[in-house]
Amino acid sequence: MEQSNSGFSEAGLRRLREVLARHVESGKIPGLVALVSRGGQTHVEAIGTMRAEGGAPMRRDTIFRMASVSKPVTTAAAMVLLDECRLRLDEPVDPWLPELADRRVLTRPDGPIEDTVPARRPITVRDLLTSTFGLGVDFELMDSPIRAATFKATDYSVASGPAPHPDEWMRRLGELPLSYQPGQRWLYDLSYEVLGVLVARVTGRLLETFLRERIFDPLGMTDTGFHVPAGKIDRLPPLYGPDPQTGEFTVWDEAEGGRASQPPAFQGASALVSTVEDYRAYFQMLLNGGMHEGRRILSRAAVELMTTNRLTPEQEAARDTMYRNIAHLTSGQALHGGWGFGMGVRTYRGDYAPIGQFGWDGGTGTTVYADPTNRLTGILFTQVGMSTLDSMRLINDFWTTTYQALDD
């Protein structure tokens with residue numbers, strides 16, 4: 001095998017490009033940008049076009065809607081507050097989020113939303129950070145009454161229209177019971193939206209303002225935020241959702257005049273826009289134990305809390321079972337085991353990635369993970385939503401090929 005000084009083999013990088021190009025040439029993925037970084041060397045591939053019909057090419061500085069890959073980044077705002085003792089892990093959130101005080105909890109998670117018992121204890125900061133505060137997406141109970149009620153009250157995805165002001169969003173959330181007792185079970189997604197509101201209320205600032213001062217600016221993440229300014233909108237592709245039956249591209253969100261072109265009323269913790277370079281800087285900071293170019297961004301202890309498993313064996317087993325039952329819908333998400341603060345953490349080896357790898361995937365066709373064992377960061381961004389398996393297959397092949405390209 002040909003040697004390189006970057007920790008990747010030349011043959012491996014060529015094969016990575018070939019595998020990614022094959023997905024674009026198939027017509028299922030209009031374009032992508034991928035980045036792999038190891039040993040101080042960074043390799044980027046920009047393949048295909050911004051739009052399905054052709055035109056402007058994907059570029060290294062193309063801006064993408066991150067979706068849930070926002071979670072590992074927005075969580076850092078809360079970690080700053082923990083480092084500064086403005087939040088404490090096991091204190092109730094009631095003083096800042098009174099809407100969540102005195103919770104009721106469903107007698108059965110699939111039962112009627114009127115059938116409740118009192119919560120055994122308040123919701124804590126730790127519950128939000130670990131996604132165990134009692135509400136969220138339960139992939140095994142998608143038809144439950146609480147799922148429908150939660151979706152109606154809190155969803156602000158492209159199909160549901162713009163989000164309300166955070167205070168109104170919290171008011172709606174506060175009218176719902178919890179599915180599980182606080183701290184009992186891992187559920188997807190909703191925790192981090194609530195965490196974003198918590199950060200804004202504790203700091204008295206917009207979530208984006210605080211993130212910019214403490215995370216984005218110090219890391220040089222100049223293209224990361226909750227919308228794309230007019231002067232950069234030409235760098236944002238449309239967001240596509242292929243038709244599940246025909247595979248035909250449908251535009252979920254246009255760039256010009258679309259949702260990402262205006263500052264949102266609700267700065268959702270899963271709603272960042274960013275670039276591969278910005279995300280490389282953030283995940284490299286995590287690999288460096290909180291340091292960036294000689295400057296401390298987060299304490300080493302905070303990074304360790306974020307990037308190692310925080311679930312109890314019971315919580316991990318329930319999460320594992322839930323994902324295994326929908327493994328056909330996911331891109332290896334059933335193979336993590338653990339969860340840190342805002343991201344998946346591998347606690348057993350289920351595929352090519354080793355134990356300890358941390359990161360997450362996004363419903364807009366995004367994936368970012370870092371691997372402390374190999375000092376590796378891998379990033380792949382498309383704007384093809386997961387209404388079909390095409391993005392997931394691409395993401396899966398990206399990681400399979402990246403790990404084969406490692407050269408020691």
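Student: Which residues lie nearest the centre of the second largest pocket, and how many residues line this pocket?

Tutor: A pocket is an open set of points on a 1 Å grid over the protein atoms alone, with protein on both sides within 12 Å along at least five of seven lines. Lining residues have an atom within 4 Å of a point. In this predicted model, 13 residues line the second largest pocket, and P166, A200, R205, L206 and L207 lie nearest its centre. Residues are numbered from 1 along each chain as its sequence is written. Local features need pLDDT of at least 70, side-chain atom pairs count only at pLDDT 80 or more, totals for chains, interfaces and linings use all residues, and side-chain values use heavy atoms, with hydrogens and water left out.

Student: How much space lies in the second largest pocket?

Tutor: A volume is the space filled by probe spheres set on the grid points, which are joined across faces, edges and corners. Here the value is about 210 Å³.

Student: Which element supplies the largest share of the lining of the second largest pocket?

Tutor: Helices (H or I, at least four residues) and strands (E, at least two) are DSSP runs, numbered from the N terminus. α6 gives the largest share, four residues. Both α5 (166-174) and α6 (190-203) supply at least two residues each. Domain 1 (10-69 + 222-405) and domain 2 (76-208) each contribute at least three; such bounds come from an automatic or database domain assignment.

Student: What classes of residue make up the lining of the second largest pocket?

Tutor: Ala, Val, Leu, Ile, Met, Phe, Trp, Tyr, Cys and Pro count as nonpolar, Asp, Glu, Lys and Arg as charged, and the others, Gly among them, as polar. The second largest pocket has seven nonpolar, three polar and three charged lining residues.

Student: How many cavities of 30 Å³ or more does the structure hold?

Tutor: In a cavity, a 1.4 Å probe fits but cannot get out. The structure holds three of 30 Å³ or more. About 80 Å³ of space lies in the largest cavity. Its lining has 13 residues, with G136, D138, S144, I146 and S179 nearest the centre. By class, seven are nonpolar, four polar and two charged.

Student: Which residues point one way from β14, and which the other way?

Tutor: In a regular strand the side chains alternate between the two faces of the sheet. From β14, T366, V368 and A370 point one way, while T367, Y369 and D371 point the other. Six of the six residues of β14 (residues 366-371) are buried. Buried means under 20% relative accessible area, exposed over 50%, partly exposed in between (1.4 Å probe, protein chains only).

Student: Which strands does β14 pair with, and over how many bridges?

Tutor: Two strands pair if DSSP finds at least two bridges between them. β13 (residues 358-362) pairs with β14 in the antiparallel sense over five bridges. D361 stands opposite T367 there. Six bridges join β14 to β15 (residues 376-381), also antiparallel. A370 faces T377 in β15. Three residues separate β13 and β14 in their hairpin, and G365 in the turn has a positive phi of about 90°. The β14-β15 hairpin has four residues between its strands, with R375 in the turn at a positive phi of about 50°.

Student: What is the phi of A67, and where is A67 found?

Tutor: Most residues other than glycine have a negative phi. A67 has a positive phi of about 55°. A67 is found in the loop between β3 (64-65) and α2 (71-83).

Student: Is A67 buried or exposed?

Tutor: A67 is buried, with a relative accessible area of 18%. E293 also has a positive phi, near 50°, but counts as exposed at 75% relative accessibility.
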